[in-house]
Amino acid sequence: MTDPKDPQGRLDALRGDIERRNPAQPEFHQAVREVLDTLAPVFAARPEYAEPGVALLERLTEPERQIIFRVPWQDDRGRVHVNRGYRVEFNSALGPYKGGLRFHPSVDIGVVKFLGFEQIFKNALTGLGIGGGKGGSDFDPRGRSGAEVMRFCQSFMTELYRHIGEHTDVPAGDIGVGGREIGYLFGQYRRITNRWEAGVLTGKGQGWGGSLIRPEATGYGSVLFAAEMLAVKGLSLDGLTAVVSGSGNVALYTIEKLQQLGANPLTASDSQGYVVDEKGIDLALLKQIKEVERGRVSEYAQRRGPSARFVPGGRVWDVAAEVAFPSATQNELNADDARTLIANGVRAVSEGANMPTTPEAVHLLQAAGVSFGPGKAANAGGVAVSALEMAQNAGRVAWSAERVEAELAGIMRDIHAVSYATAERYGSAGDYVAGANIAGFERVADAMLAQGLI
């Protein structure tokens, strides 16, 4: 429990207890530490959160449910493989569990718990009545045929279906899970349950229950959040250069929105290295390579011409730019990268991925006066439009792209505003990490207190 007379001491003790009870889960430890490190002033100002009989943080940091299951599937040559599937239903105080599925070899229970814990606060910030959850598998879809991916997805859903529902738990996509995988998962869910329950998954195809602007939402939202941070300083994205990591869905639509707002994104990357284009990224070419051909960014440099070069194994953050968008995976931007960005004159960093910046790098950027948008705020656009997709499914209607994008823009403005105002209220003006953590926490904590000891 948290002692109101020594909130930081009790928070530190709780953190130690969490790390002891959840060994070998460094990503989860990092996510919890990042939140707990900002909450001492909250417990000092609001002692009801620290009442001995409440155990608020102890409950908040323990998932309501953790599900692990085997996923057997057969490849095209008849060999049987067995992967692990996960679903962590972390907190439902504000609504049904909501969060994506990640298919990647790095997925384990600690990674899923870190993602689910982050999702609690991210979803709370949207104001859309959704709780936090996450899931996935250590299955690697890269190099697998469409038939193999389909068989895996069908096996995965054969177990997962019993734990989800439009009023219970609503998964979506994440790394390794795009429209193709969502289609296979939804088809199997429909086959097993014998009902058309469109709201059980989001990120669906537009012809069968999906929402316009959902593929774009995370990347668009990250750019819109950066624009709001710059506006506080009297700046705009128009005319600025940008460095973007990744080349998946988030990165592609980050690049697209940057170009729409007059910025010049120069880079994209994948696990083999990065490409830098002095003329600015040719988005049509990059989309052709990544979305259609499922190729590598090195092919972009080969086909783009002399303005582009590929740097194998390099750090995309070495490219000088005024705004930066880490949009690939966790802990991809470290302290050395932050020093390079600062030396190159970066003005704002907006996280498109989940926890892509190490704690040391965050502190360096903030100390240098760089506006830093944490993922739980900056990349909340994806889950926000997923919740809008759920609303459309509930009404059996389809909104126009203009309406969805306007809703998204409004939500991102509101997230920025509440994060900024909350940081000011607790004496940390300009600290979006503290502001987002505290604003999300207060919304969830108030709901938990109101609903009793559950």
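# Strands, a pocket and selected residues in a predicted model

In strand E11, valine 323 is the bridge partner of alanine 242. Strands (E, at least two residues) and helices (H or I, at least four) are DSSP runs, numbered from the N terminus. The structure is a predicted model, in which local features need pLDDT of at least 70 and side-chain atom pairs count only at pLDDT 80 or more, while totals for chains, interfaces and linings use all residues. Residues are numbered from 1 along each chain as its sequence is written, and side-chain values use heavy atoms, with hydrogens and water left out.

## The parallel sheet

E11 spans residues 323-325 and is joined to E6 by 3 bridges, the two strands running parallel. Two strands are said to pair if DSSP finds at least two bridges between them. Both strands belong to an open sheet of 5 strands with parallel pairing, in the order E7-E6-E11-E12-E13. E7 (264-265) and E13 are the edge strands, each of which pairs on one side only.

Strand E6 (residues 241-244) pairs with E7 in the parallel sense over 2 bridges, and threonine 241 stands opposite asparagine 264 in E7. From E6 the chain passes through helix H9 (residues 249-260) to E7, in a β-α-β crossover that is right-handed. Right-handed here means that, with the strands pointing away from the viewer, the path from the first strand over the helix to the second runs clockwise.

Serine 350 is placed opposite glycine 373 in E13. Serine 371 also lies in E13, which covers residues 371-373. The side chain of serine 371 makes a polar contact with the side chain of lysine 233 at 3.0 Å. A polar contact is a pair of N or O atoms within 3.5 Å; within protein, one must be able to donate a hydrogen and the other to accept it, and residues adjacent in sequence count only if both atoms are side-chain atoms.

Strand E4 (residues 131-137) is largely enclosed by the rest of the structure, because 7 of its 7 residues are buried. Buried means under 20% relative accessible area, exposed means over 50%, and partly exposed lies in between (1.4 Å probe, protein chains only). Gly131, Gly133, Gly135 and Ser137 point one way from E4, whereas Gly132, Lys134 and Gly136 point the other way.

E4 has an antiparallel pairing with strand E2 (residues 80-91) over 6 bridges, in which glycine 85 has serine 137 as its bridge partner. Strand E3 (residues 97-103) runs parallel to E4 and is joined to it by 5 bridges; lysine 98 stands opposite glycine 132 in E4.

## Individual residues

| Residue | Relative accessible area | State |
|---|---|---|
| Serine 371 | 7% | buried |
| Alanine 251 | 1% | buried |
| Asparagine 194 | 69% | exposed |
| Arginine 294 | 55% | exposed |

Alanine 251 is part of helix H9. Its C-alpha atom is separated by 32 Å from that of glutamate 64, 187 residues apart along the chain.

Asparagine 194 is located in the loop between helix H7 (179-193) and helix H8 (217-232). Its phi is near 60°, a positive value in a residue other than glycine. Arginine 294 sits in the loop between helix H10 (283-292) and helix H11 (297-304), and the phi of arginine 294, near 55°, is likewise a positive value in a residue other than glycine.

## The second largest pocket

The second largest pocket holds about 340 Å³ of space. A pocket is an open set of points on a 1 Å grid over the protein atoms alone, where a 1.4 Å probe fits, with protein on both sides within 12 Å along at least five of seven lines; lining residues have an atom within 4 Å of a point. Grid points are joined across faces, edges and corners, and the volume is the space filled by probe spheres set on the points.

The lining of this pocket consists of 21 residues, and Glu34, Pro359, Val362, His363 and Val433 lie nearest its centre. At least two lining residues are supplied by each of helix H2 (26-36), helix H13 (359-367), helix H14 (375-378) and helix H17 (432-451). H13 contributes the largest share, 4 residues. By type, the lining divides into 7 nonpolar, 7 polar and 7 charged residues. Ala, Val, Leu, Ile, Met, Phe, Trp, Tyr, Cys and Pro count as nonpolar, Asp, Glu, Lys and Arg as charged, and the others, Gly among them, as polar.
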